[in-house]
Amino acid sequence: MIEAIVIGLAAGVVAGLLGVGGGTLFVPALTIGLGLSQLDAEATSLLAIIPVALVGAARQRAHGNVDLRTGVILGLLGAAGAVGGAALANAVPQRALEVSFAVFILFVATQLVRRALREQPA
Amino acid sequence: MALMARRRTLTLAAIGTAAGLFSGLFGVGGGVLMVPLLVLWCGFGERRATGTSLAAIVLIAGVATAAHGAYGNVHVQDGVLVGVPAVAGVLIGTELQQRISTKAISLIFAALLVVAAADLLVP
């Protein structure tokens with residue numbers, strides 16, 4: 001229980017700092033920290049993302065940074081894709097899911113490095 | 001004008017569907033995909049893309065959780081125990097972002113992701 005709270009807090013701090021969503025952090029944290037399977041970690045990560053995105057969206061809206069119409073269109077179409085994605089995650093072999101997730105976070109890592117190198121030193 | 005509006009709707013449809021697929025398949029919000037595409041294809045500023053993507057993620061993650069829940073994959077207690085403190089973490093992180101350089105943190109986090117990927121790839 002303590003591990004889960006610490007993981008959440010730490011992942012939240014990094015997400016707030018870097019603007020990289022919670023999920024990229026939640027999934028490895030849940031598999032490595034709590035010993036969940038890749039599939040269960042992904043599903044549980046999605047539940048954890050909801051409050052984070054809700055508070056984040058509310059704060060951004062207060063600053064006038066949310067195009068609500070576009071957000072709802074994206075969200076509704078995304079919801080259809082999400083059902084397909086969840087079905088796919090359950091259909092493919094677990095090993096394939098692990099390998100493709102590894103490739104995905106490696107891609108995110110390269111994006112982070114590129115952005116960091118572009119940034120002017122403070 | 002009508003053609004442009006239609007084109008825009010089709011673009012949003014493509015972005016939303018792709019982000020949703022990613023979300024359901026990988027357990028992420030899909031912002032990693034939506035933010036750059038909103039900037040590149042729809043001419044959004046970085047902040048507006050981030051804010052709009054967060055609003056979309058509330059819906060996407062909600063439906064993706066329900067879909068995974070139907071398969072019995074969601075650990076509800078763990079999700080709540082991780083998600084609620086994460087909200088506090090994000091508020092702290094956003095506050096810190098204004099004061100410190102995120103360059104070092106980006107690199108450390110990238111290294112962590114490489115370690116996590118290696119952990120998955122090497123059985």
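How many residues of chain B are in contact with chain A, and with how many residues of chain A? In this predicted model, 78 residues of chain B are in contact with 88 residues of chain A, two residues being in contact if their C-beta atoms, placed from the backbone, lie within 7 Å. On the side of chain B that touches chain A, at least two residues each are supplied by helix H1 (2-26), H2, H3, helix H4 (76-97) and helix H5 (103-121). That side divides into 47 nonpolar, 26 polar and five charged residues. In this classification Ala, Val, Leu, Ile, Met, Phe, Trp, Tyr, Cys and Pro count as nonpolar, Asp, Glu, Lys and Arg as charged, and the others, Gly among them, as polar.

Residues are numbered from 1 along each chain as its sequence is written, and chains are lettered from A and ligands numbered from 1 in the order in which they are written. Local features need pLDDT of at least 70 and side-chain atom pairs count only at pLDDT 80 or more, whereas totals for chains, interfaces and linings use all residues.

**Chain architecture**

The secondary structure of chain A comes to five helices and zero strands, and chain B likewise has five helices and zero strands. Helices (H or I, at least four residues) and strands (E, at least two) are DSSP runs, numbered from the N terminus. The elements of chain B run α-α-α-α-α from the N terminus on. The radius of gyration of chain B, taken over C-alpha atoms, is 17 Å, well over the 14 Å that the globule rule gives for 123 residues, so chain B is more spread out than a compact globule. The globule rule is 2.2 Å times the number of residues to the power 0.38. Along its principal axes the C-alpha trace spans about 50 × 45 × 30 Å in chain B and about 40 × 35 × 30 Å in chain A.

An automatic or database domain assignment divides chain B into domain 1 (1-74) and domain 2 (76-123). The C-alpha centres of these two domains of chain B lie 21 Å apart.

**Helix packing**

Axes are lines fitted to C-alpha atoms, for helices over the stretch in contact, and angles run from 0 to 180 degrees between N-to-C directions.

| Helix pair | Axes come within | Crossing angle |
|---|---|---|
| H2(B) and H3(B) | 9 Å | roughly 140 degrees |
| H1(B) and H2(B) | 10 Å | roughly 165 degrees |
| H4(A) and H1(B) | 6 Å | roughly 40 degrees |

Angles under 35 degrees count as roughly parallel, over 145 as roughly antiparallel, 65 to 115 as roughly perpendicular and the rest as oblique. H1(B) is therefore roughly antiparallel to H2(B). To their contact H1(B) brings B:Thr11, B:Ile15, B:Ala18, B:Ala19 and B:Phe22, while H2(B) brings B:Leu33, B:Met34, B:Leu37, B:Leu38, B:Trp41 and B:Cys42. These residues divide into 10 nonpolar, one polar and no charged.

H2(B) and H3(B) are oblique to each other. Their contact includes B:Gly31, B:Met34 and B:Leu38 of H2(B), and B:Glu46, B:Ala49 and B:Ile57 of H3(B). By class, the contact of H2(B) with H3(B) has seven nonpolar, four polar and one charged residue.

Between the chains, H4(A) is oblique to H1(B). The contact of H4(A) with H1(B) has 18 nonpolar, 10 polar and no charged residues.
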